[in-house]
Amino acid sequence: MGNKSNVFFLDINKKANRHLMDSLEKALDGTKLLKKISNSDKTAIKIHFGERGNSSYIRPVFVRKIVEKIKEYGGVPFLTDSNTLYHRKRHNAIDHMITAATNGFTFESTGAPIIIADGLTGKDYEIIKIGGKHLKELYIASSIYNSDFIVAVSHFTAHPLGGFGGAIKNIAMGGSAVRGKFQQHSEFVPGLKKELCKLCGSCIEACNYNAIRKGKDSIYFISENCVGCGECITECNYGAIHPKFKKEVKKLQEKMIEYLMGIKKQKNNKMIYINFLMNITPHCDCTSFSETAFVPDIGILFSNDPIAIDKASVDLVNSSPFNPQSTFYQEGNSIDKFRAINKETDWNYQIDYGVKLGLGNKSYKLSRI
């Protein structure tokens, strides 16, 4: 794709004589992206409700404003996410909905019902066939598949396997059923720096697949049990567990792009993307805790191009100063902060592969609202 894509930027640090909810409303109208919604379109607001114990997810009050605008444009909105591969408080629809309510997402607070996209136990899915390099069949959460329109509302963060988590991950991983998540993570076994392992056992407690054992000097992996969910990487406080090989990280990111491709094609591009660059944390909202944001709040981005909006998000984060209070603080203005946080992970794979498959542009025009 040769032309630059439009990415609209609501700079929350720019002085304005209106509150943020008013600015968000005007931005949603000004971008004209919601005009693509046809009357009575069942509109999936694909969002992350936050894990139990996490506090850095997008605030429900912002979601309510998006819900109100979708209704104004004739859509019938519902909030949705799919169940997790790992066993915490979003692994089944019951726990998932309780977690959503605990974190403030209810019909009363947002104005829209919640539907867990892949059903009670993560087994409600539809199959999309593609001719991908890695994948031939995709297992798409049924409520994502059966929606008429998707608004991907993503909290932009760092991520150990993707480098960053934004629109791509929100749709690709979050739009797949549990079987699809396993498919994307398969063949990924973490690596271990034995000299950093403290034998604290936190990774063993976090692993629900009996894939980690305690040895004499360090832990070790049972590769045939590992599903590649990456939960142990998040749990390790000493940096001992890390993505093992660049080729495995690359493969996972490319699989995410193939999932995005399948969903975009099935939706006939009736999708838009909103990235919240606020409370930008070193880990995604899947963790049961929240760390200090590593850069100041930046703003909100809007686009109909998932590649461009994520690339613009990376660029805006990397051009922002490191928070001195962050665990990952480094001096200097030209630091790739995502590589500083996850040294073994190159986030570029997914961007370049997305461009190669024609899903969007690496080049973009940033238009301030």
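Gly180 counts as buried, since its relative accessibility is 0%. Buried here means under 20% relative accessible area, exposed means over 50%, and partly exposed lies in between (1.4 Å probe, protein chains only). The model is a predicted one, in which local features need pLDDT of at least 70 and side-chain atom pairs count only at pLDDT 80 or more, while totals for chains, interfaces and linings use all residues. Residues are numbered from 1 along each chain as its sequence is written, and side-chain values use heavy atoms, with hydrogens and water left out.

**Helix 7 and Gly180**

Gly180 is part of helix 7, which covers residues 178-185. Helices (H or I, at least four residues) and strands (E, at least two) are DSSP runs, numbered from the N terminus. Six of the eight residues of helix 7 are buried, and the helix is mostly covered. Its buried residues are Val178, Gly180, Lys181, Gln183, Gln184 and His185. After helix 7 comes Glu187, with a positive phi near 75 degrees.

Setting aside neighbours within four places in sequence, Gly180 is in contact with Tyr139 and Tyr259; contact means heavy atoms within 4.5 Å. Gly180 also lies 6.9 Å from Ile140, C-alpha to C-alpha, although 40 residues separate the two in sequence.

**Helix 13 and Gly354**

Gly354 belongs to helix 13, residues 348-356. Not counting residues up to four places away in sequence, Gly354 touches Ile257, Ile307, Leu359 and Gly360. Between the C-alpha atoms of Gly354 and Lys193 there are 32 Å, and along the chain 161 residues.

**The chain as a whole**

The protein chain contains 13 helices and 16 strands. Its radius of gyration is 20 Å, close to the 21 Å that the globule rule gives for 369 residues, so the chain is as compact as a globular protein of that length. The radius is taken over C-alpha atoms, and the rule is 2.2 Å times the number of residues to the power 0.38. The C-alpha trace spans about 60 × 45 × 45 Å along its principal axes.

Of the 369 residues in the protein chain, 59% are buried. Among contacts between residues at least 6 apart in sequence, 76% join residues at least 24 apart. The accessible surface is about 15300 Å², and carbon and sulfur atoms hold 49% of it. Accessible areas come from the Shrake-Rupley method with a 1.4 Å probe, and for residues only the protein chains shown count as cover.

Eight strands form an open sheet in the order 4-3-2-7-14-15-1-16, with mixed pairing. Strand 4 (114-116) and strand 16 (364-368) are at the edges, each with a single partner strand, so one side of each has no neighbour in the sheet. On average, neighbouring strands of this sheet are turned by 25 degrees against each other, direction ignored. Axes are lines fitted to C-alpha atoms, for helices over the stretch in contact, and angles run from 0 to 180 degrees between N-to-C directions.

Two strands pair if DSSP finds at least two bridges between them.

| Strands | Sense | Bridges |
|---|---|---|
| Strand 2 (residues 42-46) and strand 7 (residues 149-155) | parallel | four bridges |
| Strand 1 and strand 16 | parallel | five bridges |
| Strand 1 and strand 15 (residues 299-303) | antiparallel | four bridges |

Thr43 has Phe149 as its bridge partner in strand 7. Phe9 has a bridge partner in strand 16, Arg368, and another in strand 15, Leu301. Strand 1 (residues 5-11) has six of its seven residues buried, so it is largely enclosed by the rest of the structure.

Helix 3 (residues 93-102) lies across strand 3 and strand 4, and runs at about 145 degrees to strand 4.

Helix 2 is described with the sheet as well. Helix 2 (residues 60-72) packs on the sheet and touches strand 2, strand 3 (76-81), strand 7 and strand 14 (271-277).

**Nonpolar cores**

A nonpolar core is a set of buried Ala, Val, Leu, Ile, Met, Phe, Trp, Tyr and Cys residues joined through side-chain atoms within 4.5 Å. The largest has 68 residues, and Phe294, Val317 and Phe338 have the most contacts inside it. Helix 10 (residues 246-266) gives the most to this core, with eight residues. Apart from this core lies another of 35 residues, including Leu10, Leu34, Ile58 and Ala112.
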